[in-house]
Amino acid sequence: MKISNITPIVTMPIDGLPWLFVKVETDDGYYGFGECTDYSVNLHLFNGIKSLRSMIIGMDASNIENIWQTIFHSYDDLNGRGYVSHLISAIDIALWDIKGKVLNTPIYNLLGGAVRDRVPLYTHVQDFNSDKRDKKFLGGAAREVPLHNNDQDYNSDQGRLESLAKAAKETKNAGYDAIKTDPFPSSINGYSGPSEVERLTPKLLRLSLEWMQTLREAVGDDYELMVDAHARFDVASAIAAGKQLEDINLTWLEEPIHVENHNALRQVKENINVPICIGERHFTRWDYTEIFANRLAEYVMPDVAWCGGISELRRIAAQAEVNYIRISPHDALGPVSIAAGFQVCMTTPNLYRQECLHTWFKTFEKIINPMFTIENGAILPNNLPGLGLDLNIDEVKKYEVDPENNQYLNITDNDQNAANQWIN
Ligand SMILES: [Mg+2]
C-alpha cells in the first residue's frame, strides 16, 4: 500500500478562518484526511506539504512511524519542532485515518482501546478583544503600529459585560461545563496576539479583573473557568495578572508569557497561586520532556495538528501521565483536527477536556459527514473506521481559497463578521 498522492487544500467556510486540510491517497484506493491549519502561516504549510511529495510518495502508508521519522530527521536542520512538526502532523493524521479504514476500526482501537465512553469538551465565550481582531491576526502581516500602552481607548462598558454574562449563561445551559476567555485588553492598537511583548497597565489589569468577576458571577462558584493570555505578556504583567486572578478560582492560566524562555515562566509560576497550562506553542515529545522535567505546568495542551500528529499526541499524553498531569488538547482549527484529537482522548486516561469552539459546529456540519454526535458538552464515538468522518469535498471546494494570493485575507469589510464568529 504505497502513498500515491498528497493534496493540500485551503478552504474558508467561516469568513477569516482558512482551514488547511491534506488528503493522502494510496495506490490501492484508500485515502485519509489530515489537517495542519495555522491561520497566519497557511501559505508556508501549504507549500511545505507539497514539498513532501518527493520525499514520501512511494513509501508504504502502513508504516506510519517510519514516515514520521523520515520527515522529522530529513528536516532536522530546521529543527523538527514547529514548522516541521506541523507538516508531520497532517501526514500522520491522514495515515492513521487510512490505517483505521484498512482495518475497519476507529483509530482509538488501534491505540489501546477506549478508556471512556465520551470526550468532554470545554468551549469559549468572547475574549475582551474579540471585536478588535483585524486582518493582521489572519494575515500575519508585520505590525503597523508602534508598541505603546494605549489604554485610553478602553473603558468599563456595561453593555459588553452584560453580553459576556449572557453568553456564559447560554453556554452553560447548552451543557458545557467549562469556559475559557482572554480577559486582557490589548496594549497594542487593534491587535490581539503574541506579536509583541505586551505590558498591562494598572487600568488594563483592572478591566481584565472586571471581565473575570462578571464571568464568575454569571456561571457560579463551582463552574470551571480558564483564562488564556495567548503568550502575550512580560513577566511583571503576567505576575500581576495571575495574582489578581487568584480569587476567581481558575482551573488554569494559559500561556501567561511568551514561550521561548522557560526560566521566565518559572519566575511567573513561583510568584502566583494559579495552575498553569502551556503547550499549543510547544511541539513534539522533546519540548514536553523539558516542561515535565522542570515542573513548569499543571496542565498541558498539545495541538494534534501541530505537535506531531496522533502518534505524538499519544506519546506526550503518556509522558504527562507519568508526571500526574492531565492533557487538554488545544483545538481552534477545523473539524479534521478535532476528530484526530478525539481519537487520542478516547484512549487517554489522564484527560481533562478537549478544547472546541462550539459555535463553529454548525459550519462543521456542512463540510463533514457524519457530523460529530454532541451530547451534554461531550463528543460521543460513532464507531466508524479511521477518524470517523469524511470531508464533503463539494462543500470544501465551494469555499476553497488560494493561499498563494493573500487577497482573501483582506477582509476589512468583514472584520466584524469574522470577529463575531469567535463570540456568537
Ligand atoms: Mg491558547
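In what order do the three strands of the open sheet stand, and is their pairing parallel or antiparallel? In this predicted model, local features require pLDDT of at least 70 and side-chain atom pairs count only at pLDDT 80 or more, whereas totals for chains, interfaces and linings use all residues. Residues are numbered from 1 along each chain as its sequence is written.

The order is β1-β2-β3, with antiparallel pairing; strands (E, at least two residues) and helices (H or I, at least four) are DSSP runs numbered from the N terminus, and two strands pair if DSSP finds at least two bridges between them. Because β1 (3–14) and β3 (31–35) are at the edges with a single partner strand each, one side of each is left without a neighbour in the sheet. From one strand to the next the twist averages 25°. Strand β2 (residues 17–26) is joined to β3 by five bridges, and Tyr 31 in β3 is the bridge partner of Glu 25.

Helix α1 packs on the sheet, touching β1 and β2, and its direction makes about 165° with that of β1, angles running from 0 to 180 degrees between N-to-C directions of axes fitted to C-alpha atoms, for helices over the stretch in contact. Helix α4 lies across β2 and β3, at about 150° to β3.

Helices α1 (residues 42–51) and α4 (residues 83–103) pack at an angle of about 60°, with their axes 10 Å apart. The contact (C-beta atoms, placed from the backbone, within 7 Å) is made by His 44, Leu 45, Gly 48 and Ile 49 of α1 and by Tyr 83, His 86, Leu 87 and Ala 90 of α4.

Key. Two residues are in contact if their C-beta atoms, placed from the backbone, lie within 7 Å.
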